[in-house]
Amino acid sequence: MNRVITFGTFDVFHVGHINILERAASYGEELIVGVSSDALNFSKKQRYPIYSESDRMKIISSLKFVTSVFLEESLELKLDYIKKYKASTLVMGDDWEGRFDWVKSECDVIYLPRTPSISTTEIIEVVRKL
């Protein structure tokens with residue numbers, strides 16, 4: 001069975017998230033999604049997500065093309081997560097292009113283009129200005 005794994009914060013959920021998750025799901029029979037913990041998000045972006053990790057996990061798990069969801073606690077544990085969930089393919093957005101090539105000995109790595117003209121960071125900035 002081809003299991004696909006992907007990771008993200010998925011804060012302020014939008015159509016770009018749906019697009020990349022749906023495309024990721026098309027590469028296998030199962031889609032496993034690691035949702036970044038609040039602490040991990042803070043370490044990456046120096047801000048906490050708008051929605052809590054439990055709310056973000058609930059949103060992602062409600063999607064019909066997502067098989068399972070888990071909490072991602074560290075970027076350095078990608079390979080451990082891949083092995084734990086027996087994933088044969090890692091799918092990431094192309095904003096991470098090349099950053100996870102080091103796991104190619106364990107699984108295929110695919111970088112998908114992001115949906116143009118939409119990002120959580122931009123949405124948050126627009127809302128803050130209102």
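Strand β2 (residues 30-36) is largely enclosed by the rest of the structure, because seven of its seven residues are buried; buried means under 20% relative accessible area, exposed over 50% and partly exposed in between, with a 1.4 Å probe and protein chains only. This is a predicted model, in which local features need pLDDT of at least 70 and side-chain atom pairs count only at pLDDT 80 or more, while totals for chains, interfaces and linings use all residues. Residues are numbered from 1 along each chain as its sequence is written, and side-chain values use heavy atoms, with hydrogens and water left out.

**Overall architecture**

- The chain contains five helices and five strands; helices (H or I, at least four residues) and strands (E, at least two) are DSSP runs numbered from the N terminus.
- Along the sequence, these elements follow the pattern β-α-β-α-α-β-α-β-β-α.
- Of the 130 residues in the chain, 44% are buried.
- Among contacts between residues at least 6 apart in sequence, 62% join residues at least 24 apart, where contact means heavy atoms within 4.5 Å.
- The chain has an accessible surface of about 7,200 Å², and carbon and sulfur atoms account for 53% of that surface; accessible areas come from the Shrake-Rupley method with a 1.4 Å probe, and for residues only the protein chains shown count as cover.

**Strand β2 and its partner**

- Both faces of β2 are covered: Glu-30, Ile-32, Gly-34 and Ser-36 are buried on one side, and Leu-31, Val-33 and Val-35 are buried on the other.
- Strand β1 (residues 3-8) pairs with β2 in the parallel sense over six bridges; two strands pair if DSSP finds at least two bridges between them.
- Within this pairing, Phe-7 has Gly-34 of β2 as its bridge partner.

**Aromatic pairs**

- The whole structure holds six aromatic pairs; rings of Phe, Tyr and Trp (its six-membered ring) pair if their centres lie within 6.5 Å, with planes under 30 degrees apart counted as stacked, over 60 as edge-to-face and the rest as tilted.
- Phe-42 and Tyr-48 form a stacked pair, because their ring centres are 4.6 Å apart and their planes lie at 25°.
- Phe-42 is partly exposed at 33% relative accessibility, whereas Tyr-48 is exposed with a relative accessible area of 51%.
- Phe-70 and Tyr-81 form a tilted pair, with 4.9 Å centre to centre and 40° between the planes.
- This pair links distant parts of the chain, as Phe-70 lies in strand β3 (residues 68-72) and Tyr-81 in helix α4 (residues 78-84), eleven residues apart.
- Both Phe-70 and Tyr-81 are buried.
- Ring pairs join Phe-7, Phe-70, Tyr-81 and Tyr-85 into a cluster.
- The charged end of Lys-78 sits over the ring of Phe-7, 4.0 Å from its centre; a charge sits over a ring if NZ of Lys or CZ of Arg is within 6 Å of the ring centre and within 35 degrees of the ring normal.

**Lys-44 and its surroundings**

- Lys-44 belongs to helix α2 (residues 38-45) and is partly exposed, with a relative accessible area of 26%.
- Not counting residues up to four places away in sequence, Lys-44 touches Thr-9, Ser-36, Leu-75 and Trp-96.
- The side chains of Lys-44 and Ser-36 make a polar contact (3.4 Å); a polar contact is a pair of N or O atoms within 3.5 Å, where within protein one must be able to donate a hydrogen and the other to accept it, and residues adjacent in sequence count only if both atoms are side-chain atoms.
- Lys-44 and Leu-75 are 31 residues apart along the chain, and their C-alpha atoms are separated by 9.3 Å.

**Loop residues**

- Ser-74, in the loop between β3 and α4, is buried with a relative accessible area of 16%.
- The side chain of Ser-74 makes a polar contact with the side chain of Glu-76 (3.0 Å).
- Leaving aside neighbours within four places in sequence, Ser-74 is in contact with Leu-40 and Tyr-81.
- Most residues other than glycine have a negative phi.
- Gln-46 has a positive phi, near 55°; this residue lies in the loop between α2 and α3 (53-61) and is exposed, with a relative accessible area of 54%.
- Lys-86 has a positive phi near 55°, is placed in the loop between α4 and β4 (89-93), and counts as exposed at 59% relative accessibility.
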